[in-house]
Amino acid sequence: MASSSDSVSAVRGFVPPQNEDERRLMHRVEELCRVADAREIPRYTGFLSDREQSLAQAACHRAGFSSMRFWGGYDQAERKVLCLEPPQAWREEPLACLQLKAMALSGEKAPGHRDYLGSILGLGLDRVCVGDLVQDPEDAAVFYAVVLADKQAFIAAELTSAGRCPVQVTCCDDLPERIAQGVQRATREATVPSLRVDAVLAAMMHTSRTRAAEYIAAGRVEINHLPLRSSHETVFAQDIFTVRGVGRYRLTGIGGRSRKDRVFISFFQY
């Protein structure tokens, strides 16, 4: 049987900006590159999704600016800030961390990722101010949030609850080592008749291709944060599937074929 170690290296190529928001993002990054280069000062964006990171990197290349990196507080972070740091510039730390501890009342369910994110955004902050929210693997009542450094004190002072649960917020210098090492996600394997998106999505969701196609037709599926318009599209390694109301999946590897001419894939669910 093939495994993820047999996976091919082919990944989806760069997809140009698809709407005005994406074009505006690239233009803004190019402007930041020009400022950083001309004044030799560091410039930083807010937190970007993986799709936005791809666009930002392309904008840096177009601007001819190479002194850049993405940072989300730990190596495996999903949402990251673009750091434009000329060689002679003094580097700043754009990120800070918060410990969010649920003071659960008797019979109340401890808040989860959506509860914390909703409560933080409910303070009047934009999504770009908040990076990853990660549950402590050693204490289910504790989450850690990576935020923009200039928003840390405000969130710590104003966030008092998540959902209906009181929350204790503590400022942290860094994420604990067990969090910084990243979340260990269980990789699963399956075989599919082809690399059509409906076939792969059906395998990930443990459902039929007909049901997967219905999700796509209803506009509930995105690949790499872009709406999926057809069940016939081909998928690539490292594609991220977002199914509204169900969850998110990453296709981590595409392997060889079985004796029945089915394709081996590996994936995990966020």
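For this tour, two rings of Phe, Tyr or Trp count as an aromatic pair if their centres lie within 6.5 Å. Keep in mind that this is a predicted model. With that rule, the count comes to 2 aromatic pairs, so let us visit them in turn.

**Stop one: Y116 and F143**

Select Y116 and F143 and show their rings. The centres are 5.0 Å apart and the planes make an angle of 50°, a tilted pair. Now colour by secondary structure: Y116 belongs to helix α3 (residues 113–121), while F143 is in strand β6 (residues 139–148). The two residues are 27 apart, and the pair links distant parts of the chain. Is Y116 buried or exposed? Y116 is buried, at a relative accessible area of 0%. F143 counts as buried too, with 5% relative accessibility.

Next, select F268 and Y270. Here the ring centres lie 5.2 Å apart with the planes at 75°, which means that the pair is edge-to-face. F268 is buried, at 10% relative accessibility, whereas Y270 is partly exposed, with a relative accessible area of 26%. The charged end of R248 sits over the ring of Y270, 4.4 Å from the ring's centre.

**Stop three: helix α6**

Now select residues 197–205, which form helix α6. How many of the residues of α6 are buried? The answer is 9 of 9, so α6 is mostly covered, with burial taken as under 20% relative accessible area. Among these buried residues are V200, A203 and M204. To see what surrounds the helix, show β9 (188–192), β10 (221–223), β12 (240–243), β13 (247–257) and β14 (263–269), along with α7: the buried residues of α6 pack against these elements.

**Stop four: where α6 meets α7**

For the contact itself, select V197, D198, A199, L201, A202 and M205 on α6, then R209, A212, Y215 and I216 on α7. Which kinds of residue make up this contact? They divide into 8 nonpolar, no polar and 2 charged.

**Last stop: H206**

Finish by selecting H206, which follows α6. Check its backbone: phi is positive there, near 55°.

Terms used: Residues numbered from 1 in each chain as written. Predicted model: local features only at pLDDT ≥ 70, side-chain atom pairs only at ≥ 80, totals over all residues. Heavy atoms only, no water. Axes fitted to C-alpha atoms, helices over the stretch in contact; angles between N-to-C directions. Helix = DSSP H or I, 4+ residues; strand = E, 2+ residues; numbered from the N terminus. Contact = heavy atoms within 4.5 Å. Nonpolar A, V, L, I, M, F, W, Y, C, P; charged D, E, K, R; others polar. Phe/Tyr/Trp six-rings, centres within 6.5 Å; stacked < 30°, edge-to-face > 60°. Buried < 20%, exposed > 50% of the residue type's maximum accessible area, 1.4 Å probe, protein only. Lys NZ or Arg CZ within 6 Å of the ring centre and 35° of its normal.
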